[in-house]
Amino acid sequence: MLEATWCPGCGNFGIWQALKNAFVNLSLSAKDAVVVFDIGCNSNMFNWLKMTSFESLHGRTLPVASGIKIINPKLAVLAVAGDGGCYGEGGNHLLHAAKHNLDLTLLVHNNQVYALTTGQTSPTSARGFKSKSTPAGSFDLALNPLAVAIAAGASFVARGFAGDLPHLTDLMTQAVKHKGFAIVDILQPCVSFNNVNTFDWFRQRIYKMEQKPANKLAALEKALEFPQNGTDAKIPIGIFFQEEREVFQPETVEFKPEIERLSAEFL
């Protein structure tokens, strides 16, 4: 095992610890689960996590994780990506994973920049955010990932904060237990390339929801509470939406014999 090399104070440390805590809570070991990583600072965790892991191409965590889950439904399968990889390059995969409702857990390290490539504007950067790629300020509106996930059909949608380990650990644990597609968007301060959305900035705005919104419309309204695009607001964290519905898995589809043939040929 290598030592973590993230910048001192990086929000990734908190997410790393919360994920390890969640695996302990769930009694999952390397034989029970697979973690599929993207490319990015967050995904360097590949080197520091004693779990069966796979590092995919940038933005392609969900297709790889979906294939693993279809081939072996008994495994707990998690996809770990950043806001750039998941909401930018992999945005289309997110939409289809949500509507398929395959039994996967997606964890998104959302630091609102492309950190590994030294701080360019990402899909969740606020309008006006200044970076190397937008020195005059970003013109684009920021993507609201929770609203997108809810509208696309994700059956478990939550937001956590890298600075609150107990709460984040609980969200991750519940997301893995959920039967269906679960996404946890995690607010992760980048101490090197985002000097706006810092730990203090989040702590001044974050509040925990006392209960889940009553339905999908209420969840969407709550998801839109976020200080971005020139507005200011408090930031709710917790579970925004959860429903039980049919899960897409091999025994429910007609091509199971073909999957078994391919498994025998390549595995």
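Predicted model: local features only at pLDDT ≥ 70, side-chain atom pairs only at ≥ 80, totals over all residues.
Local features are taken at pLDDT of at least 70 and side-chain atom pairs at pLDDT 80 or more, while totals for chains, interfaces and linings use all residues. Residues are numbered from 1 along each chain as its sequence is written, and side-chain values use heavy atoms, with hydrogens and water left out.

**Pockets**

A pocket is an open set of points on a 1 Å grid over the protein atoms alone, where a 1.4 Å probe fits, with protein on both sides within 12 Å along at least five of seven lines, and its lining residues have an atom within 4 Å of a point. Grid points are joined across faces, edges and corners, and a volume is the space filled by probe spheres set on the points.

The largest pocket has a volume of about 350 Å³. Of its 27 lining residues, Gly40, Cys41, Asn42, Ala115 and Leu116 are the closest to its centre. Helix 3 (83-89) and strand 5 (113-114) are the elements that give two or more residues to this lining, elements being DSSP runs numbered from the N terminus (helices H or I, at least four residues; strands E, at least two).

The second largest pocket holds about 180 Å³ of space; among its 14 lining residues, those closest to the centre are Lys69, Leu75, Ala76, Asp103 and Val176. Strand 3 (76-82) and helix 6 (165-177) each supply at least two residues of that lining.

In the table, Ala, Val, Leu, Ile, Met, Phe, Trp, Tyr, Cys and Pro count as nonpolar, Asp, Glu, Lys and Arg as charged, and the others, Gly among them, as polar.

| Pocket | Lining by class |
|---|---|
| Largest pocket | 12 nonpolar, 14 polar and 1 charged residues |
| Second largest pocket | 8 nonpolar, 1 polar and 5 charged residues |

**Helix 4**

In helix 4 (residues 91-100), Gly91, Leu94, Ala97 and Ala98 are buried, that is, under 20% relative accessible area with a 1.4 Å probe and protein chains only. Seen down the helix axis, these buried residues fall within an arc of 120°, so they line one face of helix 4; the arc is that of the directions from the axis to the C-beta atoms. Just after helix 4, asparagine 101 takes a positive phi of about 60°.

**Nonpolar cores**

A nonpolar core is a set of buried Ala, Val, Leu, Ile, Met, Phe, Trp, Tyr and Cys residues joined through side-chain atoms within 4.5 Å. In the largest, of 33 residues, Leu19, Phe23, Leu49, Leu107, Met172 and Val184 touch the most other members, and helix 1 contributes the largest share, 7 residues.

Key:
Buried < 20%, exposed > 50% of the residue type's maximum accessible area, 1.4 Å probe, protein only.
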